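User: Hi! I'm new to looking at protein structures and would like to go through one step by step. Can we take it as questions and answers?

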Amino acid sequence: WMPSKNGQQRMRRTTKGWMILVQWRDGSSNWIPLKDLKNSNPIETAKYAVAHKIAEELAFAWWAKEVLKKRRHILSKLEKSKYWRTTEKFGIKVPKTV
C-alpha cells in the first residue's frame, strides 16, 4: 500500500518480486517472472491465482479478477450471438464447423 496525493492509502499496482514456477510439457521447470506470465497468458495466470488462493495478494488483486470478469463477459456474448442460433440461410442448412 502507498499513500496517494490526497493522503489515502492506495494499492500498489506492481508484480515486482513475484516469480511463478512453470512446468513445461517436456518435464522441465523454470521460475518465470509474474510480469511475463501476466502479459503472455493472463487468463491462465489469473485462474492459477484463484485456484491456489493467492488472488488476494497485492500482485494479483489489482488485475486477476478483472481478467476473469472480462473472459466471462466475452464468453457470454458469444453464447448470445446470432451466429450460433442461425441454422439455415436461404433455405439451406449452414454447418457450424468448417
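**A salt bridge and its surroundings**

Analyst: Let's start with one side chain: Lys-65 is partly exposed, with a relative accessible area of 46%. Keep in mind that this is a predicted model.

User: Which helix is Lys-65 found in?

Analyst: The helices are numbered from the N terminus. Residues 64–80 make up one of them, and that is where Lys-65 sits: helix α4.

User: Which residue does the side chain of Lys-65 meet in a salt bridge?

Analyst: Side chains of opposite charge can pair when their charged atoms come close. The cut-off here is 4 Å between nitrogen and oxygen, and this pair comes in at 3.0 Å, N to O. By that rule the count for the model is 1 salt bridge. The partner of Lys-65 is Glu-56.

User: Is Glu-56 buried or exposed?

Analyst: To count as exposed, a residue needs over 50% relative accessible area. Glu-56 has 59%, so Glu-56 is exposed.

User: How far apart in space are Lys-65 and Ala-55?

Analyst: In sequence, Lys-65 and Ala-55 are 10 residues apart. Going C-alpha to C-alpha, the gap in space is 7.8 Å.

**The inside**

User: Is Thr-45 buried or exposed?

Analyst: Thr-45 is found in helix α2. Leaving out residues up to four places away in sequence, Thr-45 touches Leu-34, Leu-37, Lys-38, Phe-60 and Trp-63. Buried means under 20% relative accessible area; Thr-45 has 6%, so Thr-45 is buried.

User: Which residues make the nonpolar surface patch?

Analyst: Helices α4 and α5 (82–85) each supply at least two of its residues, and α4 gives the most, with 3. Leu-78, one of the patch residues, lies in helix α4 and is partly exposed at 45% relative accessible area. The patch covers about 500 Å² and is made by Ile-74, Leu-75, Leu-78, Tyr-83 and Trp-84.

**The whole chain**

User: How many helices and strands does the protein chain have?

Analyst: Read along the sequence, the pattern is β-β-β-β-α-α-α-α-α-β-β. Count them up and you get 5 helices and 6 strands.

User: Is the chain a compact globule or more spread out?

Analyst: The C-alpha trace spans about 65 × 45 × 20 Å along its principal axes. For 98 residues the globule rule gives 13 Å, but the radius of gyration is 20 Å, well over that. So the chain is more spread out than a compact globule.

User: Last one: what percentage of the residues count as buried?

Analyst: The accessible surface comes to about 8,500 Å², with 56% of that belonging to carbon and sulfur atoms. The cut-off for buried is under 20% relative accessible area. Of the 98 residues, the buried share is 18%.

Technical notes:
Residues numbered from 1 in each chain as written. Predicted model: local features only at pLDDT ≥ 70, side-chain atom pairs only at ≥ 80, totals over all residues. Heavy atoms only, no water. Patch = residues over 30% accessible without salt bridge, like charges linked within 9 Å, V, L, I, M, F, W, Y side chains within 5 Å. Areas by Shrake-Rupley, 256 points an atom, 1.4 Å probe, with all protein chains shown as cover. Helix = DSSP H or I, 4+ residues; strand = E, 2+ residues; numbered from the N terminus. Buried < 20%, exposed > 50% of the residue type's maximum accessible area, 1.4 Å probe, protein only. Rg over C-alpha atoms; globule rule 2.2 N^0.38 Å. Contact = heavy atoms within 4.5 Å.
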